[in-house]
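Please read this briefing alongside the sequence and the three-dimensional structure.

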Amino acid sequence: MSVLVRAGVWPLRAARAVIPCFWRGKYFSSGKEPAENNLVTPMLRHLIYKIKSTGPITVAEYMKEVLTNPAKLLGIWFISEWIATGKTAAFQLVELGPGRGTLSGDILRVFSQLGSVLKNCDISVHLVEVSQKLSEIQALTLTEEKVPLERDAGAPVYMKGATKSGIPISWYRDLQDIPKGFSFYLAHEFFDVLPVHKFQKTPHGWREVLIDIDPHVSDKLRFVLAPCATPAEAFIQCDETRDHVEVCPDAGVIIQELSERIAVTGGAALIADYGHDGTKTDTFRGFCGHKLHDVLIAPGTADLTADVDFSYLRRMAQGKVASLGPIQQQTFLKNMGIDVRLKVLLDKSDEPSLRQQLLQGYDMLMNPKEMGERFNFFALLPHQRLHDDNLRRTKVVQEVSVHNMKSFLAEVSSLITKDLLPCHLDWEP
């Protein structure tokens, strides 16, 4: 498997405060199928939540979700890494900022589908979530209703229980409180919402960008430059060539903790986010109703984000682990078998119009001018992982052992493809 094959992980953004834009319009029937045949699948529940949150979605968005839902690819990535590292007797699945728990829930369904592969492995789930409200929503998504949750607000593990498949699950406010052990860490659209410091190069050196009150309009904010150096300037590299940079100290602390854990106890971290490799400058922006929104207008009503600087994450790993990537979504999807998935859909479709729509959807996902280069993936692995004999078949480190992944996909092809049809999206066995 490509050690850093990135999944087309589509943004859930459930943890972000976005003001829904209400939409009214005409509607069309989805067909004459009786209600009892319209199964309430996990994908359907995900789409319903998405639509309730942000309004009706385009056909292109619908196809994107159905064709390449991230969880199956991520679940397979983790299992393949587990196999490649010797099938440890146990591993922890750790998600940072799990939103509503949808992604972890879908990954756990993949684990259930591949139960024959994981049958001798003890798995536990650990979620890092500071929001009590979101943790309760995650519990509703992930846990078995018949098994009461244990709660202790003052303890490092403030809530724990069992998933619907019987796997132990625990909630923490801090990554450092999670037990050390062989773990797979997942951060999907987590780092791009962490706060950044912004700096502008001036004739007098670097100056931090601050937010102040507009002296001419008392209820308006504006950007200003600090009159002198600020403490956060220490995060800027001496050889920085850009004239504007954004740094995220919180991200650096988290990467250092992940690197230390992986170096000592093994495992891997997969980070999926919007970002760049130290090339972009001003990426701080706001979104409201899927539209760009001035970050200083009506604070609290928009979704604020800044692209992840993966070169900064790489530096923060400090060489303790191997850092691979970032690689673009199109590369990840290609390595993870999107072409196979598309072929299954096309083979099952007799309607020329549907086939054309599928091809258009594929182009949207893979075309560099569309979504193919917008989303990136980055991995942290033990150095020993790269010295494995099975990983010496490639010329590019990000595409290590794609042959192994294809072999693995072939072994579980029936499980990978059985839910691809529009009429069968349920991942339950």
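**Sheets, backbone and burial**

Strand 8 and strand 9 pair in the antiparallel sense over 5 bridges, where helices (H or I, at least four residues) and strands (E, at least two) are DSSP runs numbered from the N terminus, and two strands pair if DSSP finds at least two bridges between them. The model is predicted, and local features need pLDDT of at least 70, side-chain atom pairs count only at pLDDT 80 or more, and totals for chains, interfaces and linings use all residues. Residues are numbered from 1 along each chain as its sequence is written, and side-chain values use heavy atoms, with hydrogens and water left out.

- An open sheet of 4 strands, with antiparallel pairing, has the order 9-8-7-10; its edge strands are strand 9 and strand 10 (244-247), each of which pairs on one side only.
- Neighbouring strands of this sheet are turned by 35° against each other on average, direction ignored, where axes are lines fitted to C-alpha atoms, for helices over the stretch in contact, and angles run from 0 to 180 degrees between N-to-C directions.
- Ile213, which has its place in strand 8, is partly exposed, with a relative accessible area of 49%; buried means under 20% relative accessible area, exposed over 50%, and partly exposed in between (1.4 Å probe, protein chains only).

- Another part of the model has 3 strands that form an open sheet in the order 13-12-14, with antiparallel pairing; strand 13 (291-293) and strand 14 (303-305) are the edge strands, each pairing on one side only.
- From one strand to the next, the twist in this sheet averages 40°.
- Strand 12 (residues 285-288) pairs with strand 13 in the antiparallel sense over 3 bridges, and Phe287 stands opposite Leu292 in strand 13.

**Helix 8 and the residue that follows**

- Helix 8 is mostly covered, since 6 of its 8 residues are buried, namely Phe310, Ser311, Tyr312, Leu313, Met316 and Ala317.
- The cover over these buried residues of helix 8 includes helix 7 (249-265), strand 11 (267-276), strand 15 (308-309), strand 16 and strand 17 (375-381), with contact taken as heavy atoms within 4.5 Å.
- Just after helix 8, Gln318 takes a positive phi of about 55°; Gln318 is found in the loop between helix 8 (310-317) and strand 16, and at 48% relative accessibility it counts as partly exposed.

- Most residues other than glycine have a negative phi, and most peptide bonds are trans.
- Glu189, in the loop between strand 6 (183-188) and strand 7 (197-202), has a phi near 50°, a positive value in a residue other than glycine; at 6% relative accessibility, Glu189 counts as buried.
- The peptide bond from Gly325 to Pro326 is cis, with omega near 5°, and Pro326 has its place in strand 16 (residues 322-328).
- Ile327 also lies in strand 16 and counts as buried at 7% relative accessibility; the C-alpha atoms of Ile327 and Asp277, 50 residues apart along the chain, are separated by 9.6 Å.

**A buried loop residue**

- Thr163 has its place in the loop between strand 4 (157-162) and strand 5 (168-172) and counts as buried at 2% relative accessibility.
- Not counting residues up to four places away in sequence, Thr163 touches Leu108, Val125, Leu142, Thr143, Glu144 and Ile169.
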